[in-house]
Each structure stands twice: as C-alpha cells, then as structure tokens.
Amino acid sequence: MTDRNPPTSNRQLLAILGIFVASGCLLLWGSLQLVDGLILLIPPELEQRLGALVIPAYERLAESSPAQDTLNQLLNRLETKLPKQQNIDRNYRLIYIPDDTVNALALPGDTIIVYRGLIKQVESENELMMILGHELGHFAHRDHLRGIGRGLALQFVVAVFAGDTGGLANAAAAIASNLSTAQFSRSQEAQADEFGLQLLVSHYGHAAGAADFFQRLAAQKSSLDIALLSTHPAPGDRSLTLTQTIAQRHYPIQARSPLPATLKGDR
Ligand SMILES: [Zn+2]
C-alpha cells in the first residue's frame, strides 16, 4: 500500500512542470511585447536625447555643402505633405555624407542620412523624393526606434532613468553601430514604400519615378557593392509592388523633374 498514488504524483509533477514552462514562455513573450510597446512610447524628447548621442558620429563625416542644402530643401518640401499628426513637433533634417556608400538611413532625432553613393545612382528628382519619402515613412511608423533592437532600447531607457552617463554612452555607441546595419521586416519596408509613394503623389500630383531607383538597382546589383541591398528587400520585388500599386490606384504618370544642378554637379 506504500505506492498507492505514485502515477498520480508523477502526472501532477509533469502538469506542474508544464504549467511552469508555459508561464515562463508566456512571461518572456509578454515582456518582449511590452518592450516593443515601450519602444513605440519613447517620447520625442527622449528620442532627441538618443539622437544627440548618436548623430555627432555622422556629423563628423559630413560638411556643409550646396548639395546638403539642396537635399534639405527637397526634404522640407516633402515634409509639408506629411499627414497632420505626423508633422507636429517634428523637424526633419538631412545630413549628407560625401562617401561612396549607396545608402540612406533614418536616425533617432528626426535625422536622415544620405550618402553621395546614393545620389550618384539617382537620375531624377522624383526618384530621390521617393527615397526621402520612404525614410519619412520609417519615422512615421517609428521603425528607426524598433531597429535599435529591444535589448539596446531597454539598456538606453534604463540608463536614462538611472542617470548612468557611462551606461548611456555605451548604449549610444552600440545603437549607432546597430542602426547603420539595421534590417527592418519586409512589411515595415513595404509600408515605408507605400508611405513614400503617397507623399510623392501628393507632392507632384503623379507617380512618375517611384519605381525607377529600384528598377535600376535590380538591373545592376551583381556588379555593385550596395549597402542598401543588404538592409532592404530585393529591389526587383519593391519595384514590382510599386508598379502594381500605381496601376491599381490609377495614379497618373507625367514627366519627371530633373535632378537639381547642385546634386548633379556633385556626382
Ligand atoms: Zn527602408
């Protein structure tokens, strides 16, 4: 009679273990969701502080130039077309880095980085505006904050609240190096393209040039080392989706505007 209940206790033990593992997983999943949610709640002031730590590393590579002024004028024109709620308290600016990297990125603190390598690839003002619109889309959806990564974002927020300046500097350095290679998901990229397309159409009144850049990249990707390709979905797919959207919505196509002379001269 000594072992009357052992099978039951084993089952109970297994059940308890199961519940334990399941709640552990749920807790982990929940905290990841929470951190994702927190990233989206980072207030603009805190984002500006993060920007102030990250941006100087890029500013050192730039110099004020007519090309940078022109790019900022283009960005300002596009900004006036932003949906109202996304234009409050934002003041986007562009840092132009004279380097052959073919890339553009969105940094915390409303800053867009554009490299000369990208400008060399661009053939009309319209396709350049599409790229800038795409970056503004990443800001609108706060992808640039999600791109930091949950661990680093948490580290940064904790350091801010703890007033830990050493920890803050470490987090900022890690964030800066993370952001230049940050990969967003396919759906984040598709949404940013969609956002850029809408801005392009509300700025020019037509959609010409939206897919040009991606079409050209798709044609030459084997011969060029293009940073943008390692952080973005295949350009052929993006160009196809854009072309389909333009057709579905019956967006008109008109003549493209030439690239401003200051940008042409810098290539
Ligand atoms: Zn992107």
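Predicted model: local features only at pLDDT ≥ 70, side-chain atom pairs only at ≥ 80, totals over all residues.
Visitor: Nice. How does β3 pair with β1?
Guide: Strand β1, residues 93–97, pairs with β3 in the parallel sense, over five bridges. As one example, I95 has I113 in β3 as its bridge partner.

Visitor: What about β2, parallel or antiparallel to β3?
Guide: Antiparallel: four bridges join β2, residues 104–107, to β3. Within that pairing, T111 in β3 is the bridge partner of L107.

Visitor: How many residues sit between β2 and β3?
Guide: There are three residues between them, and the two strands form a hairpin. G109 is in the turn and has a positive phi of about 90°.

Visitor: Switching topic, where does P258 lie?
Guide: You'll find P258 in the loop between α13 (235–248) and α14 (261–264).

Visitor: Why does P258 count as exposed?
Guide: Because its relative accessibility is 56%, and the cut-off for exposed is over 50%.

Visitor: What does P258 touch?
Guide: Leaving aside residues up to four places away in sequence, P258 touches E125 and K264.

Visitor: And what separates P258 from A104?
Guide: Their C-alpha atoms are separated by 20 Å, and the two residues are 154 residues apart along the chain.

Notes. Residues numbered from 1 in each chain as written. Heavy atoms only, no water. Buried < 20%, exposed > 50% of the residue type's maximum accessible area, 1.4 Å probe, protein only. Contact = heavy atoms within 4.5 Å. Pairing = 2+ DSSP bridges.
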